[in-house]
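Please find below my note on the model you passed along. I have kept to what can be read from the coordinates, and the points may be taken in order.

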Amino acid sequence: MENLPKSGFTVSQTEYFPEINMPLRLTYPSKTSARFHPIHFHDFTEIGIVISGKARHLVGKGTHSLRQGDVILVPRGANHGYAEMDDFGIFNLLFIQRRLPLPLLDFGSGKFAKKIFSTRSGEPTAEKLMTLEPEQLQELITVGNRILGEEQSPGQSFYFLMMALFMEILVILDRAYSPQDEYHTLSAIPAALEFLERNYSHDIDFDVLAKKLGMSRRTFFRHFRVAAGTSPLVYLNSIRLRKAFELITQTDMPLATIALECGFGDCFLMSRSFKKLTGITPSALRKRSISGKTVSFISTLFPAGKKL
C-alpha cells in the first residue's frame with residue numbers, strides 16, 4: 001500500500017459520453033488481478049457492482065474491502081481507486097445526473113434514489129452501499145449484458161431501450177437497498193391489526209397471514225413489533241384477554257364458553273393467561289364483579305381500544 005499514488009487524475013465526461021444524447025454508459029473492464037488501479041476523480045456519477053473476485057477500495061485516505069455482489073457509489077467529484085485486486089470484475093454504471101431525462105415517479109421518493117441523486121453540500125465521498133443477494137446480482141448481470149450488447153451493436157430505438165434498461169437496473173438496486181417489505185410498515189400492518197381485532201376468536205396462523213400481506217414471517221414480525229410495540233402473538237392475546245374481561249364482568253356467560261368465544265380453546269389456558277397478566281383468575285374476577293367489589297385496578301389494563 002505504501003507504493004500507491006499520492007494524487008489522482010480526472011476522468012472527464014467526454015471520455016465516456018461522446019454522444020450528447022446519451023448521458024449514461026455501462027462499462028465492464030476486463031477482470032484483473034493487478035496490484036492497484038490509480039486513484040482518480042470523476043465529473044460524473046458512478047455506481048459500481050462487483051461481478052467477481054475481490055479488491056480493496058481506496059476512498060480518500062481510507063479503504064474498505066470489496067467482494068462479489070458489493071455495490072459502491074462514487075458521486076461526481078469524489079476520488080477513488082482499487083488495490084489488491086484478485087480476479088476483480090466490476091460493472092460500472094456511469095451517468096450525468098443533470099442530463100438524465102429520468103421520470104422518477106415513485107422511485108424518486110425511495111432511499112436509494114435520495115442517496116444516488118443527493119445534492120448534499122460538502123466534499124463528496126465514495127462509499128459501499130450494500131451487498132446484493134446472489135439472485136439479485138444475477139438479475140442485474142442479465143440486464144447489464146443486454147446493455148453491453150446494445151452498446152456494441154445499436155439497434156432501432158437504441159436510446160429508448162438504453163434508458164429503459166438503465167431504469168430496470170435502478171429498480172433492482174432500489175429494491176435491494178430498500179427492500180420492498182420496508183414499505184409494508186404503513187400499509188400492511190394496520191390491515192393485520194384490523195384482521196386480528198376481527199378474528200381473535202379463531203386460530204391464527206401467522207405464517208399464512210404474513211404470506212397474504214406479501215411478507216416472510218420474520219419480516220412480518222419485525223414490522224409488526226415496530227408498528228404495534230409488541231409481537232403479533234402478544235397483541236392477539238391482549239385482544240382475547242380484553243374481550244374475556246368484558247364478558248366476565250358484564251355477562252353471566254359460563255367461563256368455559258367465554259374461553260371458546262375469545263379464542264383460548266379451553267378454560268385452563270384462559271385462566272393461566274389471565275392470571276399471568278392481572279394477578280387474578282377469571283373465577284376470582286367474576287366473584288368480585290358479582291359481589292360489587294371494585295375491579296377498577298384490573299380494568300385499567302383493558303381500557304377501551306387499548307392495544308397491549
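The points below go from the chain as a whole to its cores and then to individual residues.

1. Overall make-up. The model is a predicted one, and its chain holds 13 helices together with 8 strands. Of the 308 residues in the chain, 43% are buried, while the exposed surface comes to about 16,800 Å², of which carbon and sulfur atoms supply 53%. Among contacts in the chain with a separation of 6 or more, 73% are between residues 24 or more positions apart.

2. The largest nonpolar core. This core has 37 residues, and those with the most contacts inside it are I47, I49 and L173. Two or more residues are given to it by each of several elements, including strand 2 (24–27), strand 4 (45–59), strand 7 (79–95), helix 3 (134–152) and helix 4 (158–177). The largest share, 10 residues, comes from helix 4. As general background, nonpolar side chains in soluble globular proteins tend to be buried together.

3. L173 and its surroundings. Which residues is L173 in contact with, leaving aside its neighbours within four places in sequence? The list consists of I47, I49, V71, F112, M130, L132 and L140. Two of these partners, I47 and I49, are named together with L173 as the residues with the most contacts inside the largest nonpolar core.

4. G144 in helix 3. The residue G144, placed in helix 3, has a relative accessibility of 0% and therefore counts as buried. Once its neighbours within four places in sequence are set aside, G144 is in contact with L26, F91 and I169. For a further pair, G144 and N92, the separation in sequence is 52 residues, and the C-alpha to C-alpha distance is 9.7 Å.

Conventions
Residues are numbered from 1 along each chain as its sequence is written. This is a predicted model: local features need pLDDT of at least 70, side-chain atom pairs count only at pLDDT 80 or more; totals for chains, interfaces and linings use all residues. Side-chain values use heavy atoms; hydrogens and water are left out. A nonpolar core is a set of buried Ala, Val, Leu, Ile, Met, Phe, Trp, Tyr and Cys residues joined through side-chain atoms within 4.5 Å. Buried means under 20% relative accessible area, exposed over 50%, partly exposed in between (1.4 Å probe, protein chains only). Helices (H or I, at least four residues) and strands (E, at least two) are DSSP runs, numbered from the N terminus. Contact means heavy atoms within 4.5 Å. Accessible areas come from the Shrake-Rupley method with a 1.4 Å probe; for residues, only the protein chains shown count as cover.
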